[in-house]
Amino acid sequence: MSETILKIENLSKVYSGGTRALDDVNLEIRRGEIFALLGPNGAGKTTLIGAVCGLVRPTGGTITAFGHDMNSDWRAARRRIGLVPQELSTDMFEKVERAVAYSRGLFGRPPDKARIDEILKSLSLWDKRKAEIRQLSGGMKRRVLIAKALAHEPELLFLDEPTAGVDVELRKGMWEQIAALREQGVTVILTTHYIEEAEEMADRVGIIQGGRILMVEDKAAIMERLGTTEAVIALAEPMHALPDAIADFPVELRGSAGGGGARELVYRGGDGKGRGRAEIAALTKALVAQGIDYVGIDIHDSSLEDIFVSLLAGQESAA
């Protein structure tokens with residue numbers, strides 16, 4: 001197992017008005033991984049990142065980064081951490097090249113023009129290096145934030161909604177850059193509304209709601225344990241009740257035909273190992289054996305987003 005470089009224990013944050021933004025959060029991050037933190041707006045994602053990066057003072061708990069206690073040895077730890085914030089907070093009249101170089105100096109790193117040039121080129125900012133940030137598009141401004149965060153060569157990089165407001169082409173390029181960072185040994189923690197991106201890129205996924213971590217697990221294990229398959233079978237003729245031959249399958253009738261029976265047979269079952277599709281094949285054979293004709297079938301394997309929505313819905317119903 002990879003080395004743990006960030007350890008959060010029993011972390012809480014209660015604001016003066018009584019709002020509990022973080023509630024007994026425990027989390028460990030491994031060196032070299034891409035970790036996706038998912039949750040609805042107001043779940044505590046940005047507060048958690050802010051606590052690790054020294055922007056938010058926790059009410060309780062401890063944060064240890066690279067062996068340094070963030071309470072007593074903040075500067076030593078923060079020097080090895082980069083942050084790309086959700087908001088475009090930078091001097092809009094500053095020129096791109098100068099802004100990135102200045103960020104490097106803020107963390108006590110010596111000037112290194114070759115390194116700054118390399119970062120600008122890797123993020124397709126080289127042609128804009130002399131431009132004022134205010135002159136750039138939203139997507140290019142977002143790239144400047146990433147360049148600033150990388151300027152001091154961090155080992156742990158936080159990306160808070162890094163592709164928000166970025167068009168599809170730029171988003172793809174930015175994800176390629178993130179993959180390249182991982183290849184260089186940078187550990188990446190990201191929050192994103194684009195859950196399909198987390199599904200594609202992340203090694204592990206954490207789900208947070210109401211300031212509490214609901215789950216932390218390897219992405220593949222989540223998909224295997226909680227993944228399901230749904231099939232909607234369009235029937236050729238209305239069905240009034242399930243025949244005994246298919247009653248043991250996890251199916252239900254849906255869609256009335258003016259009181260004359262259901263037009264669809266819906267299957268929900270299986271797991272992330274593909275058992276659902278095998279069971280659907282057996283179901284269709286059983287339908288044919290019973291002389292039940294169908295005119296179409298739509299099969300859908302659950303995505304990480306489906307699982308995410310289902311988990312949050314389950315938490316809300318239990319509350």
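**Exercise 1.** At roughly what angle do the axes of helix 5 (residues 138-150) and helix 6 (residues 168-183) cross? Classify the packing of this pair in the predicted model.

*Solution.* Step 1: the two axes come within 11 Å and cross at roughly 15°. Step 2: angles under 35 degrees count as roughly parallel, and helix 5 and helix 6 are therefore roughly parallel to each other. Step 3: the crossing of helix 5 past helix 6 is right-handed. Step 4: helix 5 makes the contact through Gly139, Met140, Arg142, Arg143, Ile146 and Leu150, and helix 6 through Leu170, Gly173, Met174, Gln177 and Leu181. Step 5: sorted by class, this contact has six nonpolar, three polar and two charged residues.

**Exercise 2.** Which parts of the chain does the salt bridge between Arg182 and Asp203 tie together?

*Solution.* Step 1: the closest N and O atoms of Arg182 and Asp203 are 2.6 Å apart, and the cut-off for a salt bridge is 4 Å. Step 2: Arg182 lies in helix 6 and Asp203 in the loop between helix 7 (195-201) and strand 9 (204-209), so the bridge joins parts 21 residues apart in sequence. Step 3: Arg182 is partly exposed, at 26% relative accessible area, and Asp203 is partly exposed at 30%.

**Exercise 3.** Where in the chain do Glu230 and Arg268 lie?

*Solution.* Step 1: their side chains meet in a salt bridge with an N to O distance of 2.9 Å. Step 2: Glu230 is in strand 11 (residues 229-239) and Arg268 in strand 13 (residues 262-269), 38 residues apart. Step 3: Glu230 is partly exposed at 26% relative accessibility, and Arg268 is partly exposed at 40%.

Definitions and conventions:
Residues numbered from 1 in each chain as written. Predicted model: local features only at pLDDT ≥ 70, side-chain atom pairs only at ≥ 80, totals over all residues. Heavy atoms only, no water. Axes fitted to C-alpha atoms, helices over the stretch in contact; angles between N-to-C directions. Helix = DSSP H or I, 4+ residues; strand = E, 2+ residues; numbered from the N terminus. Parallel < 35°, antiparallel > 145°, perpendicular 65-115°, else oblique. Left-handed = near helix turned anticlockwise from the far one by under 90°. Contact = heavy atoms within 4.5 Å. Nonpolar A, V, L, I, M, F, W, Y, C, P; charged D, E, K, R; others polar. Buried < 20%, exposed > 50% of the residue type's maximum accessible area, 1.4 Å probe, protein only.
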